[in-house]
Amino acid sequence: MRDFLQRVMEKLNIEENRDRVSVVQYSRDPEVHFHLNAYTTKEDVLESVRGLRHKGGRPLNTGAALQHVKDNVFTASSGSRRLEGVPQILILLSGGRSYDNVDAAASSLKEIGVLTFGIGSRGSDSGELQRISNDPKYAISVSDFSDLPNVQEQLLDSVETVAIPIATTSSTVTADYTTPKKDVVFLLDGSDGTRNSFPAMRDFVRRVVEKLNIAENRDRVSVVQYSREPEVNFYLNAYTTKEDVLDSVRGLRHKGGRPLNTGAALQYLKDNVFTASSGSRRLEGVPQILILLSGGRSYDNVDAAASSLKEIGVLTFGIGSRGSDSGELQRISNDPKYALSVSDFSELPNVQEQLLASVHTVSVPIATTSPTGMCMTNIYVLCLFCLDVKSLSSCGLWDNHQPLR
């Protein structure tokens, strides 16, 4: 198991601003060997991995270990860059059936956007590994952990597929907004205060949509208006062609109403739009983008709802006009620099390219120095062994059933 971790890490580009790694072992209780921000060079990580010693203990509480990783490893204080949009990967190596229940903890990891891969041996529960993994196809089995080299490339290919959904063919990366999959939700201020500005807001949505590659398995779009209450114009799974989306956008009519309850609208999106039943592919690792156009200060509090969206990995961009509260927009946005302002919504064309460039940056966070594009990822191996990487990410679990080889 230890040698497997070493071989996986040798494939990563471990640096402060690229890949990061953490390793955790567990039996009855989890034990962190090192957090994601412990080392900034590959040699330091490999040296620590080479020095790993088997933890021992029983029983095997995989559920508790998964919850510990969620609460203590996939966090900013431990070096995770989840809230910056860096892919979070967990690679679990487990040699037996868990003594405790794994379902709640596995779901909580999926809720915050962690992509889990499970590798089990002869003594593992294959159904349990499939429930833990983000997709049953990400649960891999070997007869014995000495066979791990046989599945190493399969694992790395799967990790690369979910963490790096692009492949560049030249050494120059251009701002291609159509390359990755994205789920894009527009939240439009439809209150009485934006009645005259609404045509400009609608045109802005149309122009942004025209830059996307809308298809069932590429980009998806949803539009929601709000004032006192939110009103969904169409969900992410409503249309599968760009022309159908554009037809619906052209037909948008101003909602009207007051007051402006931005907090309630944000919470509504979290509970009803960024969901699998509404077409969101968040649990598949597809970037979730929210673009908010707000022309005034919210009547209700926005902080809790904005935080809940960040917690599940939604990347929010706020655009305000003269009547907006710039501080409020900055708190709603994932980063203060993602809060943009115009004096009037008729000036939205002036910030369109800036917005699209930012959306592209967070949904495809790559920086290439060679013909191959690599993007940021957070990798965790639960043995527990955790990694946070900008190019790949893995995390796996060790248990007490197999000695380290």
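These entries go from the strand to its partners and then to a loop residue.

Entry 1. I noted that this is a predicted model, in which local features need pLDDT of at least 70, side-chain atom pairs count only at pLDDT 80 or more, and totals for chains, interfaces and linings use all residues. Residues are numbered from 1 along each chain as its sequence is written, and side-chain values use heavy atoms, with hydrogens and water left out.

Entry 2. I looked up strand S6, residues 183–189. Helices (H or I, at least four residues) and strands (E, at least two) are DSSP runs, numbered from the N terminus. Seven of the seven residues in S6 are buried; buried means under 20% relative accessible area, exposed over 50%, partly exposed in between (1.4 Å probe, protein chains only). Asp 183, Val 185, Leu 187 and Asp 189 point one way, while Val 184, Phe 186 and Leu 188 point the other. In a regular strand the side chains alternate between the two faces of the sheet.

Entry 3. I checked which strands pair with S6 (pairing needs at least two DSSP bridges between two strands). S9, residues 288–294, is parallel to S6 over six bridges, and Asp 183 has Gln 288 as its bridge partner there. S7, residues 220–226, also runs parallel to S6, with seven bridges; Val 224 in S7 stands opposite Leu 187.

Entry 4. I turned to the loop between H7 and S7, where Asp 219 lies. Asp 219 counts as buried because its relative accessibility is 0%. Its side chain reaches the backbone nitrogen of Asn 213 at 3.0 Å.

Terms used. Polar contact = N/O pair within 3.5 Å; in protein donor to acceptor, adjacent residues only side chain to side chain.
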